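Me: Hi, can you walk me through a structure? Keep it short, please.

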Amino acid sequence: MDFNQNFFELFRLEVGFDLDLERLREQFQILQREVHPDRYADQDARSQRLATQWSMHVNEAFSVLSKPLPRAIYLLGLTNIVLEQNPTLEPDFLFEQITLRESLDHVVETRSVDDLAVLLDEFSEKLMAEQSQFSQRFDAGALDLATQSVYRMQFLNKLQIAAQQAEEMLWDE
Amino acid sequence: MALIQITEPGQALDPHQRKRAAGIDLGTTNSLIASVRAGQPRVLEDEYGAGLMPSVVHFSEDALLVGESAQAMASSDPLNTIASAKRLLGRGRSDIADRAMVKNYRLAEGDEGMVRLETAAGDISPVQVSAEILKVLAARGQETLGGGLDGVVITVPAYFDDAQRQATRDAAALAGLTVLRLLNEPTAAAVAYGLDTGESGNIAVFDLGGGTFDVSLLRLSRGVFEVLATGGDSGLGGDDFDEELAALLLEKAGFSGTLDPVSSRQLLSMARTAKEQLTEDSEVKVSLDLPALNWEGAISRLEFEACTKHLIAKAIKACRRVVRDSGLQSAEIDQVVLVGGATRIPAVRSEVATFFGKTPLSELDPDQVVAIGAAIQADVLIGNKPDDEMLLLDVLPLSLGLETMGGLVEKIIARNTPIPVQRAQEFTTYKDGQTAMLVHVLQGEREQVADCRSLGQFELRGIPAMVAGAAKIRVIFQVDADGLLSVSASELGTGVSAAIDVKPSYGLAEEEIMAMLKASFSHAQEDAEARMLLEARVDAQRLCDALSVALEQDGSALLNDAEMHALLGGVSKLLEVVEGRSVDAITRETEQLSQASDAFAARRMNREVQRALTGQSVSQVLETGASDETALSSD
C-alpha cells in the first residue's frame, strides 16, 4: 500500500463528493482482509506492527470518506484549501442558526421527546440540502462557494450533535 | 521481522502442525473454555462433565479452591470466597464505593490504585482472582488438547474501558497465557451463531451477563464481521436483578436492619434461585431460614418485574443509542441474538423483542455462545485455517480524550471509531516560558474531567521557553486491535518527546506482575536464559525461512540485483549467527535483517492489495504474467 495515495485512490474510487457508499464499504473490507493485524496474529511482533499501521491507515481513510462532512473537508484539502477557524458567514444564515438554536432550547425546556424528534428531522434535512449544494458547487469548480457550504455544514453538524445529546438526556429522565 | 507472509488458498504454512488454541469466556458468574476440535467448536468439560465453571475463588491460609468447590464455601466462609471479581477488575475504590457487592467483602486499606480484598491468604486483587480462574481453565485445556496452549482468545465485554482491558491482559500474563486477542463478547457471539457462512445482513447482539451488559450492531458480509456500533453498561447484569429481588424479599419480610455477611450471601443465593424459577413459573414460594431472619412467603413474577423494570429500561436505553450511532434504522436490523444467562428472564426477552420489533434468536446456549465464538476466532488467529476468510473488525467502545484548560475533556478519538486507529492532535502552551506540559488521558463521553475515567497521566518536559501559544505539542493516540491505548507526545520544534503505554492507575504495576510471575513460576535463572535463547533462535529462523521463500517467489520481480544481493547476504549472515549462543547478537541481526527487508515486504503487500482490489484472484494474476507489477509497486 502506498501511504502517499489519496484516500480515493486507495479505495479505487473516483474523486468526488457523491460516493457509492456500498462500494466504498466493499473496498474497505477487501483492504482490511489483506492488512488487518488479525491476519498476522500467528506471526512475529514486527509484522503485526506493520500490519497495524496499514490497518490504521485504511480505517482512517474509511472514517473520512464514509461521513459527509469529513469527506467534504478532505476534498477541499485535496485542492489545497485550508479551512478558517472563525469563518465569516452570511448574516441570514447566522440568524437562522440562532433561531434554530432557540427552538432547540425551547424543546429541551418542554421536555418533549416527540417535538425533539421533529426538530432532529428538520436539522438533518437542512444538512442534506447543504450537502447537495456542496456537491454541485464542488463539481462545478466553484471552490469558494463550496467552502462556504462546508462552513454551513459545520454549523448544522454542531447543532445536530447538540440535539442528539439533548435527546439522550431526555431518554435518561 | 518485516516480512509479510502471504498465505495463498490451500497453501498452509505448516500443514502438519496444528496448534493448540482455545477461546476463554472469563465471565462474572461463570467461566468456560472452548476449542475447535475436528472442525467443530466445543466447550471443554472438567472430569465431571461440567462445562461451566463458577467464577469463584476461595482463599485460605493453606489451600486455594477454584470453581464449584470454592462456590461451596460461599455460605460458610463468605469473606474469603471471592465471586463476581470481574465487576472489580480495573476499578479503583472510588468507582465502586456505592456498589452493593462490595458490602460482601472487606476492602483492603489504601485508597490509591486498584481495589484489593482482604482474605485469609492476604490482600488479593481482582486481577489475581481472575488469573486463578484462567489457570484452572488453561489446565483443563491442556489436559483435553494434549499439551500446553499455544495461544488463547479471551473475551471481554465490548463496553470494557482501557483499564478493564489492561487488567484482563494482566490476569492472562499472570496465568502464563499467550493472548492472541481480546475479543469483544458480542462479536464472539455473532461469530458463534455461524453467521460467517456467507450470510449477510445486520445483526444486533444483546448480551446481558452476570455483571456486565453489552449491545452491539454488526454488519456481516462474506465472512467479515464489521461492528458498526457498540454500547452498554459495564456495571449492569444479572447480579443486579438478584440484588433487587433480595431487597424485595427483605422488604416483604419486614426486615430493616443490616444483615451479617453470611446471611447476606445466603439471601442472595436464594434470590438467585427464585429469579431462575420465575423464568418458568409465575409465582414461587420462598422460605428464608437465615441466622438473622426467618420468613416464609411467595414472590410473583409481576412483583419481580416491577422491582427490576428500571434495570431493563437502562439496557433498552443503551440499545437506542447504539442503533443511532450505527446509522441504521431499526427496520434495517435483520436479526437479534440473545447472549448471557440473564437473557433467560422473560421480561428481558419481551422488552428486547418489542424494541427491535423482532423475535430474538436464542438457539445456542446463551451461556456457551461467547466461548464458542472465541474458540473459532482463536483457531483462525493461531493460523490453523490459513485460507479462512473470516475477519472481525471492531470499534472503540468509549471516546478517548485529553484534559484541557478548565477541567474540560477534548475528545481525540470518538466512540465507535474502527480499531486499530491512530489520531494526532496539536496543542500549545498557555503561559509565557512554560517548559512542561501535563498530558492527562481520559475515557468517557462527558465533557468534564471529573465525569470521565482517568486512564493515566504523564509529563512532557524540556519544552524550550517561548511565548504562550508558540510551542507546538503533538499528542498521538494509538489504539491497537485489542482496544488498548498508548499515547505519546512531542514538541515539534525541538523533538522533545515522552510516551506511555497507558497503564491505568487501577492496574497492576509492571514490577508487581513480574514479582508475581517470579513467585508463581519459580523459574531458575538459567531456565529463563535458555528460554530467551530459544525464542531468539525461533524468531531468527522464522525470518530466514519466510524471507527465503519470498525472495524465491518474488525477488526477481520486485527487487533489483543489488537489493536482492543484500537480502540474500543478510539471510546467510543471520543463519550463521543463529548457531552461536549470544542472544544479543541474534536479536540484533534479526532486527537488522527485518528492517532491511521492510521495503520488500511493503512491495509484496502492496501488490497483494492491488490484486485484491482489482478483483483478480492470485491465480489469474499468475496466468496473465507480471506485466503490470512495476506500475503497481508503491516505491
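What follows is a chat about this predicted model.

Me: Let's start with chain A. What domains is it divided into?
Reply: Chain A has domain 1, residues 7–66, and domain 2, residues 91–172.

Me: How far apart are the centres of those two?
Reply: The C-alpha centres of domain 1 and domain 2 of chain A lie 31 Å apart.

Me: Now the contact between the chains. How many residues does each chain put in?
Reply: Chain A gives 29 residues and chain B gives 37 residues.

Me: Which elements of chain A give two or more residues to the side that touches chain B?
Reply: They are α2 (21–35), α3 (45–66) and α7 (143–172) of chain A. The largest share comes from α3(A), with nine residues.

Me: And how do the residues on that side of chain A divide, by nonpolar, polar and charged?
Reply: There are ten nonpolar, ten polar and nine charged residues on the side of chain A that touches chain B.

Me: Back to α7(A). How many residues does it have, and how far does it reach?
Reply: α7(A) has 30 residues. From its first C-alpha to its last it reaches 43 Å, close to the 44 Å expected at 1.5 Å a residue.

Me: Which residues of α7(A) are buried?
Reply: Among them are Ala146(A), Val150(A), Met153(A), Phe155(A) and Leu156(A). The buried set also includes Arg152(A) and Glu167(A).

Me: What covers the buried residues of α7(A)?
Reply: The cover includes α4 (68–78), α5 (91–110) and α6 (113–139) of chain A.

Me: Where is Arg111(A)?
Reply: Arg111(A) sits in the loop between α5 and α6 of chain A. Its phi is near 60°, a positive value in a residue other than glycine.

Me: Is Arg111(A) buried or exposed?
Reply: Arg111(A) counts as exposed, because it has 12 C-beta neighbours inside 10 Å.

Me: Switching to chain B. What domains does it have?
Reply: Chain B is divided into domain 1 (21–191 + 367–385), domain 2 (238–306), domain 3 (400–504) and domain 4 (525–632).

Me: How many residues are in contact between domain 1 and domain 3 of chain B?
Reply: Eight residues of domain 1 of chain B touch eleven residues of domain 3 of chain B. On the domain 1 side, α4 (162–174) and β11 (179–184) of chain B each give two or more residues. α4(B) gives the most, with four residues. That side divides into two nonpolar, two polar and four charged residues.

Me: Now sheets. What is the strand order in the open sheet of five strands?
Reply: The order is β17-β12-β13-β14-β18 in chain B, with mixed pairing.

Me: Why do β17 and β18 of chain B each have one side without a neighbour in the sheet?
Reply: β17 (335–339) and β18 (391–393) of chain B stand at the edges, each with a single partner strand, so one side of each has no neighbour in the sheet. Neighbouring strands of this sheet are turned by 25° against each other on average, direction ignored.

Me: How many bridges join β14(B) to β18(B)?
Reply: Three bridges join β14 (residues 224–233) of chain B to β18(B), and the two run parallel. Phe225(B) stands opposite Leu392(B) in β18(B).

Me: Which helix lies across β12, β13 and β14 of chain B?
Reply: Helix α8 (residues 301–326) of chain B does, running at about 140° to β14(B).

Me: What about the open sheet of four strands, what's its order?
Reply: β20-β19-β22-β23 in chain B, with antiparallel pairing. The edge strands are β20 and β23 (453–460) of chain B, and each pairs on one side only. The twist averages 30° from one strand to the next.

Me: Which residue does Leu400(B) stand opposite?
Reply: Leu400(B) stands opposite Gln443(B) in β22(B).

Me: Last one. What kind of peptide bond joins Ile419(B) and Pro420(B)?
Reply: A cis peptide bond, with omega about 0°. Pro420(B) is in the loop between β20 (408–413) and β21 (421–427) of chain B. Most peptide bonds are trans.

Definitions and conventions:
Residues numbered from 1 in each chain as written. Chains lettered and ligands numbered in written order. Predicted model: local features only at pLDDT ≥ 70, side-chain atom pairs only at ≥ 80, totals over all residues. Domains from an automatic or database assignment. Contact = placed C-beta atoms within 7 Å. Nonpolar A, V, L, I, M, F, W, Y, C, P; charged D, E, K, R; others polar. Pairing = 2+ DSSP bridges. Axes fitted to C-alpha atoms, helices over the stretch in contact; angles between N-to-C directions. Expected span 1.5 Å × (residues − 1). Buried ≥ 20, exposed ≤ 12 C-beta atoms within 10 Å, placed from the backbone.
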